[in-house]
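I wanted to look at how the side chains pair up in this one. Here are my notebook entries, in the order I looked things up.

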Amino acid sequence: MMRLDAPEKQHRYHNLLDDDHANEMLEGEGAGLAVRVAELEVRCARQAEDLLCLRSTLADALRRLNALEGRAPTATSGQRNGAYGGSQGTPTRELRLRQPSYRETAKRTSSYGSSASSLPQRRGVQHQSTGSLQSDSPASSSSLSPAPSPSPRATPAPHHTPHTAQPYRSRNNSTSSNQSVSPGGNNLTKRWNSTGDFNAHGLLPNSRFTTTKSLLNLYSKPSQNGPILKHGTHTCQYNEEDGTMRMYLRGRPVILYGPSDQDNLDPAKVAPPPQQKLKLEWVYGYRGKDCRSNLYLLPTGEIVYFVAAVVILFNVEEQCQRHYTGHTDDVKCLAVHPNKLIIASGQCAGHDRLDARPHVRVWNSVSLATLAVIGAGQMERAVACVTFSRADGGALLACVDEGTDHTISVWEWQRSDKHCIAETKCSVDTVVAAEFHPLDRNQIVTCGKSHIAFWTLENIIEGHYGGVRVIAEGRGSQLFIGTTKNCVLHGDLQLGFSPAVLGHVDELWGLATHPSLPQFVSAGWDRLLQLWDGLSHSTVWSKDIEERAQCCAWGADGSVIAVGCLSGKWMVYDPHSRELLAQHHDGSEPIQTIQFAPNNKLVALGSRDNFIYIYQVDDNCTRYSRLGKCLGHSSYITHLDWSEDSEYIRSNSGDYELLYWNATTCRQITSATQMRDVSWATNTCPITFQTIGVWPENADGTDINTCTRSHDAKLAATGDDFGKVKLYAYPVTQPKSLSHQYGGHSSHVTCVRFLPDDSRLVSTGGLDTSVMQWVVD
């Protein structure tokens, strides 16, 4: 047994004391470090949550930016590396905090030294950020962010499931100010290399982002071919948490904060109007700088004049006003009827193409009731001047248009159809006044810049036929007159004139043949509906329907004629009396095609708004009630056919679709094989199996404008964009089918139809406005 001497014992004793003291010191330092580590642990947990919120906000902003730019969201580096948990909702980076053992921590802290402030910050693995959305320099896309340092008592972060994308993130869920900690010391830092993101010290107090390029102010200029940007209040979103409302202006989100005591709002709720209403009390001002003949004294003691879109009746002595507010834009002229009771006022064209067209309004100065609206849609720019006839008690009304030709027109304003009896070009210079002769209703005088003109109103020719273009002398006193509305009249000055040739004067699309008689009707953009006889080659009647027509159809029994118009209106007429039996309006786009069912109990209308409207027909084709509309086409309807049993409809559209419909339910039949054996009453759809061969090899889909099948199902005819009428053997199922082709039209052929006995074919030209009849030999 080895023995120690006194010095050695003393030395060992001191060593043990030193070890105990060192252990006590280490234990003290360890306790301090534990407290420090706990603080770091709490800070790391908070910053981890803030980092998750920030990354979620950045990912959400990236999706919004990509949506504004019309691109699909691009995968961030975290997505490519599989660092996002899940595949749905808002992707969030999964942060994993490793929890080391206490021994490992104590072992590290024993070598740190006694000063806690000298603890070096542990650098973790560098993670590449998704890049700043507000970067001013390319370097920001590759900025690096250190991962949080592990702490001795840190609890492992749970697995984060993807957050569901919210339509509107409140500001409390975005980046908070405790993320921006000062660098140095023991603080964990988030490094931003983009100069456009934040200021040098992170976020300013009490504010979100410090630049105009914040995440809530992302904005991308719309490109010509880009997506349609959100706009207006119909996309408003309300955030109950912070009481803000989000709206979009040209795709840019705008956040509006409500007062703190504001109750929760529902953006979808409709607020009713107030119970109070406004009534015009007084109008100040008068328009005399550019208008003439606009101040008259009425028997009531009132003076009548105008300013803006209001005609004022002002009693100066009693200091009271009355107002006529029927106009939709600036009033430019005024005239008083010889009875001093009726007033005519004319306006200029406004911004609305339908409601603010230039026209004249005739109204009662006592009741302020509108009596007639003259010239809507027939005047070019504004009504320069207006005047009543005097010799016949004011039965006629003359108007001068302010357009390029300064057209003067004369109207029988009291007739129900507001008949224009004459019109002609007046002058190339400005016209400022027009007046009827006080003793002769057929004499009118106009004056203006550098001219005065006298006009004689001739009653040999009705205004319906147009003005005189050319006169040819016939036998004896007979004359032939060619008019500006493509008519030829014949007669003499004593007995008057009757039409020898009638035609259309504007683009022509509507054509329909009678189901049993050799007659057909045509309708065009000149507002004319005309009935023709195919055997006598004459016009039975011609009617101005006051709407630009696009298509027409006979009832299955020939008792009515339906006309579809460019305005979305469609009307039904009696072919014998020419009386209007019914009218309806479906949408605001043109009615492209209209067809009655073979049983005459339904009628289908194909519109340019991509819908097919189906109506039930009652009371001998005088009453129509809508069953519904067929939705499924992605482009405008061009043609449609009924099945022979009146149960189904097939239709073509502008993007070359062929779809089938159940007529009574208005639902699409998606199985084309189910319809392969259906017998069809007509074949006006050019895109069918039975008409494959009518399409040329290099056709672009728009070449064939019209198609029809003969009633005996032996022939098919087409009209194309090249002015050709082609005749095929039906069915035309061979892709390469030969035909006979015929010229004559100088414009696109818009419609072809066989007469009921198949002995003749009728075709219409678009811009050449002609109707041609072909014999089938």
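The entries below go through aromatic rings, charges and one hairpin.

**Entry 1: the model.** I am working from a predicted model, and I number residues from 1 along the chain.

**Entry 2: aromatic pairs.** I looked up ring pairs and got ten aromatic pairs. I picked Trp 570 and Tyr 615 to look at. Their ring centres are 5.0 Å apart and the planes meet at 70°, so I logged the pair as edge-to-face; the angle for that label has to be over 60 degrees. Then I checked where the two rings come from. Trp 570 is in strand β31 (residues 569–573) and Tyr 615 is in strand β35 (residues 612–618), so this pair links distant parts of the chain, 45 residues apart.

Next I asked myself: are Trp 570 and Tyr 615 buried or exposed? Trp 570 is buried at a relative accessible area of 0%, and Tyr 615 is buried as well, at 5%. I also noted Tyr 624, which forms one aromatic cluster with Trp 570 and Tyr 615.

**Entry 3: charges over rings.** I looked up arginines placed over aromatic rings and wrote down two. Arg 548 has its charged end over the ring of Trp 525, 5.3 Å from the ring centre. For Arg 608 the ring is that of Tyr 636, and the distance to its centre is 4.0 Å.

**Entry 4: salt bridges.** How many salt bridges does a search of the whole structure find? I got 13. I went through some of them.

Asp 586 pairs with Arg 626, with the closest N and O atoms 2.8 Å apart. Asp 586 lies in the loop between β32 and β33 (591–596) and Arg 626 in strand β36 (residues 623–630), so this bridge ties together parts that are 40 residues apart in sequence. I checked the accessibility of both partners. Asp 586 is buried, at 1%, whereas Arg 626 is partly exposed, at 43%.

Asp 290 makes a salt bridge with Arg 287, again listed with a closest N and O separation of 2.8 Å. Asp 290 is partly exposed at 38% relative accessibility. Arg 287 comes out at 16%, and I count that as buried because the cut-off is under 20%.

Entry 5: Which side chain of opposite charge is nearest to Asp 574? I found Arg 578, 8.8 Å away. Asp 574 is buried yet has no salt bridge; the limit for one is 4 Å. I placed Asp 574 in the loop between β31 and β32 (580–585). Leaving aside residues up to four places away in sequence, Asp 574 touches Ser 559, Glu 579 and Leu 581.

Entry 6: Last, I looked up strand β41 (residues 704–709). Six of its six residues are buried. Five bridges join β41 to strand β42 (residues 715–720), and the two run antiparallel. I noted that Arg 709 stands opposite Ala 716 in β42. The hairpin has five residues between the strands, and Ala 713 takes a positive phi near 60° there.

Technical notes: Predicted model: local features only at pLDDT ≥ 70, side-chain atom pairs only at ≥ 80, totals over all residues. Heavy atoms only, no water. Phe/Tyr/Trp six-rings, centres within 6.5 Å; stacked < 30°, edge-to-face > 60°. Helix = DSSP H or I, 4+ residues; strand = E, 2+ residues; numbered from the N terminus. Buried < 20%, exposed > 50% of the residue type's maximum accessible area, 1.4 Å probe, protein only. Lys NZ or Arg CZ within 6 Å of the ring centre and 35° of its normal. Lys, Arg positive; Asp, Glu negative; His and termini not counted. Contact = heavy atoms within 4.5 Å. Pairing = 2+ DSSP bridges.
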